Amino acid sequence: MTSQLAARSSRLVSRVGAVARSAKAAGSKVLLVLASLALVAGCRQDMHDQPRYKALRPSTFFADGSSARPLVEGTIARGTLQGDEPFFTGKDGKDDVTELPFAVDETVLDRGQERYNIYCSPCHDRTGSGNGMVVQRGYRQPPSFHIDRLRTAAAGHFFDVITNGFGAMPDYKAQIAPRDRWAIVAYVRALQLAQHAAASDVPGGDPTKLAKPAAEGSEKKH
Amino acid sequence: MSQIFHRHANIYARLSMIAVAVVAVSIGGAVALLNVSGYNTKQDEFVEQPIQFSHLHHVGGMGIDCRYCHTSVEESAFANIPPTKTCMNCHSQIWNTAPILEPVRASLRDDTPLHWTRVHDLPDFVYFNHSIHVKKGMGCATCHGPVDKMPLMYQHATLQMSWCLDCHRNPARYIRPREQVFNMSWRPPSDDPDMGARLVKQYKIASVEQLTSCSTCHR
């Protein structure tokens with residue numbers, strides 16, 4: 001009888017023990033997970049910030065503190081040899097070139113419009129009259145593109161102004177690639193023509209046919 | 001002869017098992033919540049900069065296009081931060097004596113770069129590329145939020161893997177016409193529910209398998 005009882009109670013104890021053990025095991029699993037999460041959080045930064053340079057990262061190695069190095073003077077990257085003088089300077093010898101160095105089609109004009117609206121319209125506004133937002137906030141007012149002097153100016157002059165700046169206007173050679181500068185020149189020409197078109201310039205002589213796409217173009221948002 | 005354990009012990013034992021499960025689940029939940037919370041992702045927190053540069057004034061107020069400053073975003077993986085020269089294009093004349101812009105002028109004078117504080121920073125084991133997203137009709141605002149209303153820049157998205165995958169699994173939901181990528185106020189047209197699927201086809205967006213394959217982003 002007593003031995004039976006002892007066996008029974010020990011079975012009970014071991015059952016409770018098993019429950020406790022499994023509870024403890026679950027507890028320690030949670031602890032393990034938490035600990036490994038903490039570890040993961042700890043490791044994380046090493047792989048996050050690997051000892052290599054990505055664009056514009058600072059450097060402690062170079063005196064000026066930046067990892068990006070300026071080109072050694074006279075370096076010419078592949079494909080950027082500026083051998084084609086008129087294309088890269090807008091000048092043929094001493095004179096401004098009068099024609100664009102490549103044929104203008106609709107893709108060139110579209111590209112020109114897009115680039116003009118990004119880089120020039122803050123000051124020259126979308127129609128080229130020189131009342132852009134930045135001018136309204138106090139920047140010196142540029143001349144309108146529609147004055148006679150600029151309407152008769154050579155294409156190369158515009159290219160040169162974009163490349164090297166002009167008086168109070170900053171240069172845009174770092175922001176705009178040469179081909180895009182020419183596209184802008186083509187678009188400025190189109191703007192000038194649009195402001196001075198006679199009814200006879202319109203195919204069929206009906207200027208109302210022109211009015212719509214032109215208005216759409218100047219409203220187009222990018 | 002009395003029993004060593006009262007009958008109730010059984011209930012306590014069972015209850016404690018449930019309690020352990022509840023505690024484990026809630027700790028897991030808390031960790032998961034913490035993981036996606038702003039505390040971990042640094043989401044929606046303004047980041048102090050050496051100069052209080054305001055996208056609200058420059059983009060929202062004056063309508064300057066992103067590409068005027070972030071010139072490389074269409075062609076390269078990295079959307080560059082504008083150099084001092086770009087600021088001076090305008091600030092040589094506007095607010096050219098304001099103390100708030102002194103660091104910019106000093107940077108030009110001494111030919112030292114400005115040190116901006118990064119706002120978005122993916123771990124180095126992730127590869128991201130702006131040019132492909134811009135070319136395939138993903139708007140700046142989709143990932144960066146209402147930049148034109150930010151007086152100081154903050155991170156709009158979590159930048160977690162699940163965020164990238166959410167779009168890579170279903171780009172049709174976020175795609176927009178290419179010309180609208182830089183437009184901060186574009187909204188999907190309500191009268192054209194098929195636009196997404198159509199553009200995905202038209203722009204030849206890569207398959208979901210390719211876009212969710214680990215080596216696309218971990219290369």
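**Helix contact and backbone**

Reply: Happy to! A155(A), G156(A), F158(A), F159(A), I162(A) and T163(A) of α7(A) meet P178(A), R181(A), W182(A), I184(A), V185(A), V188(A), R189(A) and Q192(A) of α8(A), contact being heavy atoms within 4.5 Å. The residues of this contact are nine nonpolar, three polar and two charged (nonpolar: Ala, Val, Leu, Ile, Met, Phe, Trp, Tyr, Cys and Pro; charged: Asp, Glu, Lys and Arg; polar: the others, Gly among them). This is a predicted model, where local features need pLDDT of at least 70, side-chain atom pairs count only at pLDDT 80 or more, and totals for chains, interfaces and linings use all residues. Residues are numbered from 1 along each chain as its sequence is written, chains are lettered from A and ligands numbered from 1 in the order written, and side-chain values use heavy atoms, without hydrogens and water.

Me: At what angle do the axes of α7(A) and α8(A) cross?

Reply: Roughly 125°, and the axes of α7 (155-164) and α8 (178-195) of chain A come within 9 Å. Helices here are DSSP runs (H or I, at least four residues), and axes are lines fitted to C-alpha atoms over the stretch in contact, with angles from 0 to 180 degrees between N-to-C directions. That makes α7(A) oblique to α8(A) (under 35 degrees is roughly parallel, over 145 roughly antiparallel, 65 to 115 roughly perpendicular, the rest oblique).

Me: New topic: what is the phi of D44(B)?

Reply: Near 60°, a positive value in a non-glycine residue. Most residues other than glycine have a negative phi.

Me: Is D44(B) exposed, partly exposed or buried?

Reply: D44(B) is partly exposed because its relative accessibility is 49% (buried is under 20% relative accessible area, exposed over 50%, partly exposed in between, with a 1.4 Å probe and protein chains only).

Conventions:
Helix = DSSP H or I, 4+ residues; strand = E, 2+ residues; numbered from the N terminus.
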